[in-house]
Amino acid sequence: MLTGGSVAALIPAAGMGVRLGRQTPKAFVELAGRTLLRRSVDAALASGVVDRLVVMVPPDLVDRTRTELPEAVVVAGGAERSDSVRAGLAAADTDLVLVHDAARALTPPRLFAAVVQALRDGAPAVVPGLPVADTLKRVGSDGDRVLGTVDRSELRAVQTPQGFTAPILRRAHERGGDATDDAGLVEALGVPVHVVPGDDEAFKITTPFDLRIARLLCREQD
Ligand code: C5P
C-alpha cells in the first residue's frame, strides 16, 4: 500500500544532557556557530520532506526557542524523553510523523527523505539501523564477568529519524511501557518495524568526546 499525506518532524530537545557535563541543556550547546537544535531543524527542513516542525524543549526555554525558531511549533517537553514525544504528538496533526533527537545534530537530510520514502512505500514504522562494528559480550550484573558473546550479525544500532504513521505512534504512546526509543513502543503493539540503512553522521552527541568529533566534522563541512 502506498501512503501519501503530510509529514511532521517532532524534535525532542528537552533533555539536560548530564553526560555532556555542560551547564546548558544539550540541544542548546553550540557547534560551530549553531546550536544542536538549530542544526537538527535545518537538516529536517533541508530534506524537503517535512511539512511541519514541532520542537520540545525545557519549559524555561520555550519563549526563547519560539523567538529563535519561528518556523517551528514549540512546546514544553517532559521529565522523560517519551513524555517529551507525547507532548509533541499532541501538537502534530499530520498523517506521518518523524521523531528525531536534537542530539543527532549532523544527520544528513537524505536520511529523513529515506525514512519518509519507506513510509510512503507502505511500511507502518521505519528505523535507520547500522551494523555493529565491535564484538559484543553479555556480562553479569556487576559488569565485570563475561557470560557470553552475542551474535552481532543480527544486531543493528538504531538511530533517528524514526518514522511512523501517526495513528500507530499515538496508539504506542497511549499504551506506554518501557522502551528507549519510539520504535520499541511500536514493537510492543506487534506492528512490524522496517529498517533502512543508517548513516555514521547520524550519531548521537552524548559525551564530551562525541562533541569533539562533531566539532572536527563541522570544520570539514562548514
Ligand atoms: O538523553 P538522550 O541523549 O538519550 O536524549 C535523546 C534526545 O531526547 C535528546 O535530543 C534530548 O534533548 C531529548 N530528550 C527530551 N526530553 C527528555 C529527555 C531527553 O526531549 N526528558
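In this predicted model, a nitrogen atom of the ligand lies 3.5 Å from a polar backbone atom of arginine 81. Taken alone, the ligand exposes 460 Å², of which the protein buries 86%. The space that the ligand takes is the largest pocket.

**Ligand surroundings**

- There are 15 residues around the ligand, and those that come nearest are Pro12, Ala14, Lys26, Ser84 and Lys204.
- The shell around the ligand is made up of six nonpolar, three polar and six charged residues.

- Glycine 15 contributes a backbone N or O atom, which is 2.9 Å from an oxygen atom of the ligand.
- Arginine 19 contributes an N or O atom of its side chain, at 3.4 Å from an oxygen atom of the ligand.
- Arginine 81 takes part through a polar backbone atom, at 3.5 Å from a nitrogen atom of the ligand.

- Helix α1 spans residues 36-46, and its buried residues include Leu36, Leu37, Arg39 and Ser40.
- Val41, Ala43 and Ala44 are also buried in helix α1.

**Threonine 107**

- Threonine 107 lies in the loop between β6 (96-99) and α4 (109-120).
- The relative accessible area of threonine 107 is 2%, so this residue counts as buried, the cut-off being under 20%.
- From this loop position, the side chain of threonine 107 reaches the backbone oxygen of arginine 104 at 2.7 Å.

**Glycine 129**

- Glycine 129 belongs to strand β7, which covers residues 125-131.
- With a relative accessible area of 7%, glycine 129 is buried.
- Glycine 129 and threonine 160 are 31 residues apart along the chain, and their C-alpha atoms are separated by 8.8 Å.

**Aspartate 151**

- Aspartate 151 is located in the loop between β9 (146-150) and β10 (156-158).
- Aspartate 151 counts as partly exposed because its relative accessibility is 45%, and that class lies between the limits of 20% and 50%.
- The side chain of aspartate 151 is joined to the side chain of serine 153 by a polar contact of 2.8 Å.
- A separation of 9.1 Å is found between the C-alpha atoms of aspartate 151 and lysine 137, which are 14 residues apart along the chain.

Terms used: Residues numbered from 1 in each chain as written. Predicted model: local features only at pLDDT ≥ 70, side-chain atom pairs only at ≥ 80, totals over all residues. Heavy atoms only, no water. Near = heavy atom within 4 Å. Polar contact = N/O pair within 3.5 Å; in protein donor to acceptor, adjacent residues only side chain to side chain. Areas by Shrake-Rupley, 256 points an atom, 1.4 Å probe, with all protein chains shown as cover. 1 Å grid on protein atoms, 1.4 Å probe; cavity = no way out; pocket = protein on both sides within 12 Å on 5 of 7 lines; lining within 4 Å. Sits in = over half its atoms within 2 Å of the grid points. Nonpolar A, V, L, I, M, F, W, Y, C, P; charged D, E, K, R; others polar. Buried < 20%, exposed > 50% of the residue type's maximum accessible area, 1.4 Å probe, protein only. Helix = DSSP H or I, 4+ residues; strand = E, 2+ residues; numbered from the N terminus.
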